Amino acid sequence: MTALALSLFSSSVLAAYPEQPITLVVPFPAGSGTDAVGRIFASEMSSRLGQPVIVENKPGANATIAAQHVAKSKPDGYTILISTNTPLSAAPWLMKNVSYDVVNDFTAVARGGNLPFILITHASKPYQTVKDLVEYAKANPGKLSYASGNSTGIVAGATLGNTADIDILHVPYKGTPQAITDLIGGQVDFMFTDLASGIPFVKSNKVKALAVSTAKPSALLPDLPSMEAAGINNFDINSWNGFLGPAGLSDEVVQTLNKTINEIVEDKEIKQKLANLGFDAFSGTQQEFADFVKQQYVLWGDLIKAAGIEQK
């Protein structure tokens with residue numbers, strides 16, 4: 001082998017990932033909570049990895065369009081999904097014939113954190129608490145409607161209906177921004193939405209928040225009651241967030257991305273920036289996240305079966 005050939009061979013072997021722009025696929029529309037969080041991560045990843053990280057929104061079909069796209073992408077580390085529980089924990093139970101396998105078609109990379117949800121209604125509605133809403137629904141069966149822009153919203157609304165034994169109408173939307181627009185416009189009565197999407201409208205008094213969707217209070221909104229404190233027992237629904245690639249990602253790619261994402265969530269300034277959006281940022285090892293994805297798939301299956309909305 002000539003000196004020139006040896007030099008070129010050595011350079012190719014030593015070339016480090018990434019060598020080109022990375023596409024971060026967001027399974028929800030621009031303006032959603034996951035989109036806002038994803039853009040912060042993309043910007044920080046770009047500066048740390050030395051390559052542009054381009055956000056690409058692929059909303060629709062309970063986020064399965066984006067998940068399917070990533071699952072079928074080349075496993076080279078240049079197409080990454082910022083996922084929530086919607087496409088990986090809930091959609092396979094809510095939809096027939098989802099065209100990917102949650103465990104076998106993806107490589108878990110790193111946890112991003114949690115995006116807590118809140119129960120909101122139009123500011124003019126007569127109910128001031130969750131108890132008021134339930135009592136109103138019982139007095140007016142079939143007349144209250146709830147919007148959803150993702151599977152967390154679907155499951156949370158159905159779980160409230162099942163747990164509180166109230167007859168409410170589900171109105172699905174392609175994304176959260178459209179759902180909130182119609183909530184403000186009076187077309188629907190209430191919804192569960194992520195903090196990032198809902199809090200700006202709470203602060204502007206266009207909607208009012210009644211509770212967080214978990215059994216315990218959220219550190220991000222300590223003054224807002226939990227569903228348990230609001231009188232709804234056995235109600236604990238949260239939206240997780242994490243990064244995955246297609247099956248077959250190399251250890252080098254996984255380790256590089258995991259290390260980068262952990263650095264981002266450990267940066268106090270970035271963590272606060274994300275908290276201002278209503279995002280509780282934290283991460284961990286690749287294996288911890290891989291195990292978590294499997295556990296959440298089973299957990300959400302149980303939630304969806306209990307609510308009676310599983311598609312068979």
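Predicted model: local features only at pLDDT ≥ 70, side-chain atom pairs only at ≥ 80, totals over all residues.
Colleague: What makes strand 6 and strand 7 a pair?

Modeller: Two strands pair if at least two bridges are found between them. Strand 6 (residues 144-148) and strand 7 have five bridges, in the parallel sense, so by that cut-off they are a pair. Among the bridge partners, S145 goes with L169 and S148 with P172.

Colleague: And how do you know that strand 6 also pairs with strand 8?

Modeller: The count there is two bridges, again parallel. At least two are needed, so this counts as a pair.

Colleague: Why is strand 6 called mostly covered?

Modeller: Five of its five residues are buried. L144, Y146 and S148 point one way, S145 and A147 point the other way, and all of them are buried.

Colleague: Which elements make a β-α-β unit with strand 6, and what is its hand?

Modeller: Strand 6, helix 6 and strand 7 form the unit, and it is right-handed. That name is used because, with the strands pointing away from the viewer, the path from the first strand over the helix to the second runs clockwise.

Colleague: Now to the loop between helix 6 and strand 7, where D165 sits. Is D165 buried or exposed?

Modeller: Its relative accessible area is 65%. Exposed means over 50%, so D165 is exposed. D165 also has a positive phi, near 55°, though it is a residue other than glycine.

Colleague: What is N62 called on that scale?

Modeller: N62 has 21% relative accessibility. Buried means under 20% and exposed over 50%, so N62 falls in between and counts as partly exposed. N62 lies in the loop between strand 2 (53-57) and helix 3 (64-71), and has a positive phi of about 55° although it is not a glycine.

Colleague: Why is N85 called buried?

Modeller: N85 has a relative accessible area of 0%, under the 20% cut-off, so it is buried. N85 belongs to helix 4. Beyond four places in sequence, N85 touches A90, S151, T152, N238, S239, W240 and W300.

Colleague: Where does G113 lie, and what is it in contact with?

Modeller: G113 is in strand 4. At 0% relative accessibility it counts as buried, because that is under 20%. Its contacts, leaving aside neighbours within four places, are W240, N241, F279, D280, A281 and F282. G113 and V265 are 152 residues apart in sequence, yet 8.5 Å apart in space, C-alpha to C-alpha.

Colleague: How do you know that the length of helix 11 agrees with its number of residues?

Modeller: Helix 11 (residues 286-307) has 22 residues, which at 1.5 Å a residue should span 32 Å; its end C-alpha atoms are 32 Å apart, so the two agree.

Colleague: Which residues of helix 11 are buried, and what covers them?

Modeller: The buried ones are F289, A290, F292, V293, Q296, W300, G301, I304 and A307. Their cover includes helix 4 (85-94), strand 4 (106-114), helix 6 (151-164) and strand 10 (240-246). In an α-helix there are 3.6 residues a turn, so residues three or four places apart point the same way. Just after helix 11, G308 has a positive phi of about 75°.

Colleague: Last one: what makes D267 a cap for helix 10?

Modeller: A side-chain oxygen of D267 lies 3.0 Å from the backbone nitrogen of E269, at the N-terminal end of helix 10 (residues 268-276). After helix 10 comes G278, with a positive phi near 90°.

How values were computed
Residues numbered from 1 in each chain as written. Heavy atoms only, no water. Helix = DSSP H or I, 4+ residues; strand = E, 2+ residues; numbered from the N terminus. Polar contact = N/O pair within 3.5 Å; in protein donor to acceptor, adjacent residues only side chain to side chain. Expected span 1.5 Å × (residues − 1). Buried < 20%, exposed > 50% of the residue type's maximum accessible area, 1.4 Å probe, protein only. Contact = heavy atoms within 4.5 Å.
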